[in-house]
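Here is a briefing for a reader new to this structure. Please look over the sequence and the model before reading on.

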Number of protein chains: 4
Amino acid sequence: MPRNPERDQQLREQRKKLLLDSALQVIAKRGIGLTSIQDIAKAAGLSVGNVYTYFSSKDELFSELLRRAQTEYGISVTLLAELDEDPLLKLRRMCAEWLALETNWAFTIILQTVRTNEMVPADIRQAVTDRFTANLEPVADIMRQGQRSGQILNGDPLQLALYFVSLIQGLTLQQAPGYVIPVPVNPDDIVRLFEAKNTHAKNI
Amino acid sequence: MPRNPERDQQLREQRKKLLLDSALQVIAKRGIGLTSIQDIAKAAGLSVGNVYTYFSSKDELFSELLRRAQTEYGISVTLLAELDEDPLLKLRRMCAEWLALETNWAFTIILQTVRTNEMVPADIRQAVTDRFTANLEPVADIMRQGQRSGQILNGDPLQLALYFVSLIQGLTLQQAPGYVIPVPVNPDDIVRLFEAKNTHAKNI
Amino acid sequence: MPRNPERDQQLREQRKKLLLDSALQVIAKRGIGLTSIQDIAKAAGLSVGNVYTYFSSKDELFSELLRRAQTEYGISVTLLAELDEDPLLKLRRMCAEWLALETNWAFTIILQTVRTNEMVPADIRQAVTDRFTANLEPVADIMRQGQRSGQILNGDPLQLALYFVSLIQGLTLQQAPGYVIPVPVNPDDIVRLFEAKNTHAKNI
Amino acid sequence: MPRNPERDQQLREQRKKLLLDSALQVIAKRGIGLTSIQDIAKAAGLSVGNVYTYFSSKDELFSELLRRAQTEYGISVTLLAELDEDPLLKLRRMCAEWLALETNWAFTIILQTVRTNEMVPADIRQAVTDRFTANLEPVADIMRQGQRSGQILNGDPLQLALYFVSLIQGLTLQQAPGYVIPVPVNPDDIVRLFEAKNTHAKNI
DNA sequence: TATGAATGAGGGTTCATTCAT
DNA sequence: GATGAATGAACCCTCATTCAT
């Protein structure tokens with residue numbers, strides 16, 4: 001199989017993805033502060049020096065990790081919003097999926113770390129914040145859909161979206177592995193907070 | 001003004017408080033992982049070595065910082081719960097106060113960081129989690145009060161308390177200084193999520 | 001000359017040996033308590049951080065240093081014991097060789113320091129003590145050989161070995177470079193202490 | 001009781017002695033490397049700063065400690081040498097006393113540390129070595145007495161004294177607390193090494 | 001490209017010594 | 001004199017990054 005620029009580029013992308021996935025795994029286990037390039041390289045089965053072939057710095061790797069995760073999340077929530085389905089069910093699915101994946105926990109931590117850490121370059125912080133804000137839109141859409149059908153509370157849909165996402169993220173952060181708060185968490189109960197007041201009355 | 005043991009002790013306490021306050025400021029800016037003893041000492045105007053006159057290690061300082069903040073918060077929310085006042089108003093107050101103080105922002109970040117950071121020793125993490133859980137109780141009490149008067153949603157009060165606190169903390173984390181998400185946050189709207197569905201209808 | 005794993009391993013071993021030799025030199029001069037990684041690195045012409053590429057900690061380096069020295073000594077004294085030679089001559093040789101080499105002086109100092117220094121972790125101390133005790137055996141063998149031929153004093157051979165080794169080590173310690181005690185030291189005279197009382201003249 | 005210069009001087013001497021004794025105790029327990037001014041002060045029930053009222057530096061304290069110990073030892077061994085007693089018995093007593101006191105262990109370690117450590121100022125090292133050499137004299141005297149009575153081996157008495165003292169010190173160093181070499185040590189057996197060859201024959 | 005040794009800055013911590021009270 | 005807080009240098013160790021092979 002002869003080398004060609006296209007195939008090289010493909011391999012490069014594969015390696016980058018491998019490194020990013022490995023990074024997320026390690027961070028999920030060790031926490032962001034204890035994750036070194038060494039750890040990531042080992043988890044990916046590459047050498048330390050080789051990591052720098054694909055990412056110019058640790059910051060760039062983390063930044064790229066966030067970019068991809070946020071983009072993926074944005075796509076997935078946009079698709080969800082566009083589904084022809086009960087809005088409340090959509091919220092429930094978001095909630096359940098988010099709380100289920102352990103990697104989301106790591107991702108949320110990285111997100112917060114980057115957004116609250118002044119050591120992170122301003123442009124990266126800005127980019128992360130912008131994507132976060134943009135990703136509120138599809139959630140706000142779901143809220144709007146629910147409001148139209150009278151299933152979801154009135155009020156600024158963007159605000160509701162922010163509350164919903166903040167609640168989920170807040171809960172995610174409580175789930176530090178091994179130190180769980182002894183209170184059950186239930187997607188249905190969470191979604192219920194956003195249901196319109198007279199839902200039941202109506203139904204009855 | 002000659003020295004005496006009492007005055008010495010007083011000065012000691014003052015210095016400890018100064019260091020803890022400085023630490024809070026710095027951590028809020030840099031994040032816990034990047035906050036060095038050097039930073040704290042500089043912020044407090046002391047030498048690095050002198051920090052160890054008051055705290056035997058960085059861990060102890062952080063642990064003490066959290067202990068104090070959580071204890072203070074616990075007392076304040078307990079007092080709030082015991083007030084003879086509209087439960088919804090109590091929630092509103094909690095919410096407003098929490099989102100108003102910048103120190104709460106720093107404190108929330110530290111709290112989350114400690115609970116999610118493997119660099120923090122396990123026993124400290126456990127202690128923090130335990131206090132966090134204990135501090136849910138007064139909030140659950142408020143929920144119970146509201147449920148008895150029909151003002152607050154039915155369901156496990158402890159769970160509702162966890163949701164409420166998580167939501168506030170989640171929102172707090174979004175408020176990174178300088179990179180605010182362009183969505184207004186309103187305590188009344190937040191409390192509304194926890195109101196009983198047919199409150200108004202009933203009352204009317 | 002391209003790199004390959006074998007050659008890498010070889011270089012690694014060379015570097016380790018270089019570091020251990022440098023450490024021995026420095027410790028001999030400064031004493032174990034005042035020898036820093038910095039000193040060792042400088043003596044070896046390497047950077048401080050690089051030392052940790054080869055040894056995971058200062059303790060491990062010291063421990064390895066002792067392990068090698070004691071193992072080498074054990075082999076050499078075992079070989080000596082097995083020689084087909086006059087036992088008294090064997091003792092004389094041990095004595096002369098030991099007092100002659102300056103590295104033995106350094107080694108003795110380290111040995112004693114480790115065994116008497118609470119800064120050294122307990123397990124390392126135990127290992128050193130165990131090897132020291134084991135290395136008494138070959139010397140005791142020599143004593144037994146001499147006792148069989150009536151050339152060496154009666155009594156517990158292990159005890160005699162301990163006395164012999166302690167005497168040599170005690171003398172070694174007196175030989176601090178530049179501050180020598182003005183008393184001549186003579187291997188023959190030392191060995192004479194262990195000769196049987198009425199050996200030759202009387203028996204013949 | 002009014003102050004007067006004489007009494008002040010007395011108190012000063014008492015405090016110095018207290019500090020030196022405390023230092024020896026602590027060193028015997030912790031080892032020289034782990035003994036800090038703080039430890040010594042605490043053991044003596046004084047404050048850290050106050051130690052510097054009596055000794056200008058840690059080095060001076062250690063140096064003074066050695067000076068006193070060596071002087072005391074010198075006096076005691078001189079008295080022993082002048083006793084009208086069997087020379088072999090004298091050696092036996094020296095040996096037994098030396099190996100019995102735990103503080104002698106600490107003292108021997110300090111002695112060796114100072115003599116083999118180039119960080120110690122040259123003049124202190126020289127002084128220690130000189131006193132050590134001087135203290136060999138009384139031991140040599142005992143040897144001479146024994147040689148005159150035919151009880152002790154022939155040869156340079158000073159050399160024999162050095163061997164005897166080195167042997168005792170070597171054995172002392174083996175007795176690191178908690179890591180004892182499993183070989184019994186017996187003063188009688190040690191003295192026997194220095195007995196004249198045909199002692200028994202003669203006696204019989 | 002791939003490797004991992006090498007570097008150097010920085011972090012936590014200790015401790016002899018000084019100094020204001 | 002007595003106290004213990006304050007200082008600053010030094011120590012061990014880690015880790016992002018570079019570089020020779």
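Predicted model: local features only at pLDDT ≥ 70, side-chain atom pairs only at ≥ 80, totals over all residues.

Residues are numbered from 1 along each chain as its sequence is written, chains are lettered from A and ligands numbered from 1 in the order in which they are written, and side-chain values use heavy atoms, with hydrogens and water left out.

**Chain A with chain B**

- Chain A brings 54 residues to the contact and chain B brings 51 residues. Contact here means heavy atoms within 4.5 Å.
- About 4800 Å² is buried between chain A and chain B, and 60% of that is on carbon and sulfur atoms. Buried area is the accessible area (1.4 Å probe) that two parts lose on being put together, summed over both.
- On the chain A side, the most area is lost to chain B by A:Y163, A:Y179 and A:K197. Together they make up 16% of what that side buries.
- There are 0 salt bridges between chain A and chain B. A salt bridge is a side-chain nitrogen of Lys or Arg within 4 Å of a carboxyl oxygen of Asp or Glu.
- Between chain A and chain B, 9 residue pairs are in polar contact, both at pLDDT 80 or more. A polar contact is a pair of N or O atoms within 3.5 Å; within protein, one must be able to donate a hydrogen and the other to accept it, and residues adjacent in sequence count only if both atoms are side-chain atoms.
- The elements of chain A that give two or more residues to the side touching chain B are α1 (5-30), α6 (102-116), α7 (122-148), α8 (157-174) and α9 (187-192). Helices (H or I, at least four residues) and strands (E, at least two) are DSSP runs, numbered from the N terminus.
- α8(A) gives the largest share of that side, 12 residues.
- The side of chain A that touches chain B has 27 nonpolar, 17 polar and 10 charged residues. Ala, Val, Leu, Ile, Met, Phe, Trp, Tyr, Cys and Pro count as nonpolar, Asp, Glu, Lys and Arg as charged, and the others, Gly among them, as polar.

**How chains A and B are related**

- Copies are superposed by least squares on the C-alpha atoms of residues with pLDDT of at least 70 in both.
- The copies meet through the same surface, because 93% of the interface residues of chain A are also interface residues in chain B.

**Chain D with chain C**

- Chain D can be laid on chain C by a turn of 177 degrees and a shift of 0.2 Å along the axis, with an RMSD of 1.0 Å. That is the relation of a two-fold axis.
- Of the interface residues of chain D, 91% are also interface residues in chain C, so these copies meet through the same surface.
- This contact takes 55 residues from chain D and 52 residues from chain C.
- Chain D and chain C bury about 4800 Å² between them, with 60% on carbon and sulfur atoms.
- Chain D and chain C have 0 salt bridges between them. The interface has 8 residue pairs in polar contact, both at pLDDT 80 or more.
- α8(D) gives the most to the side of chain D that touches chain C, with 12 residues.

**The two domains of chain A**

- Chain A is divided into domain 1 (1-55) and domain 2 (60-203). These bounds come from an automatic or database domain assignment.
- The C-alpha centres of the two domains lie 28 Å apart.
- In chain A, 14 residues of domain 1 are in contact with 13 residues of domain 2.
- The two domains of chain A bury about 1300 Å² between them, and carbon and sulfur atoms give 79% of it.
- A:L20, A:L24 and A:I32 of domain 1 lose the most area to domain 2, together 42% of what that side buries.
- The count between the two domains of chain A is 1 salt bridge. A:E13 forms a salt bridge with A:R68, with the closest N and O atoms 3.3 Å apart.
- α1(A) gives the most to the side of domain 1 that touches domain 2, with 9 residues.
- That side of domain 1 has 10 nonpolar, 1 polar and 3 charged residues.
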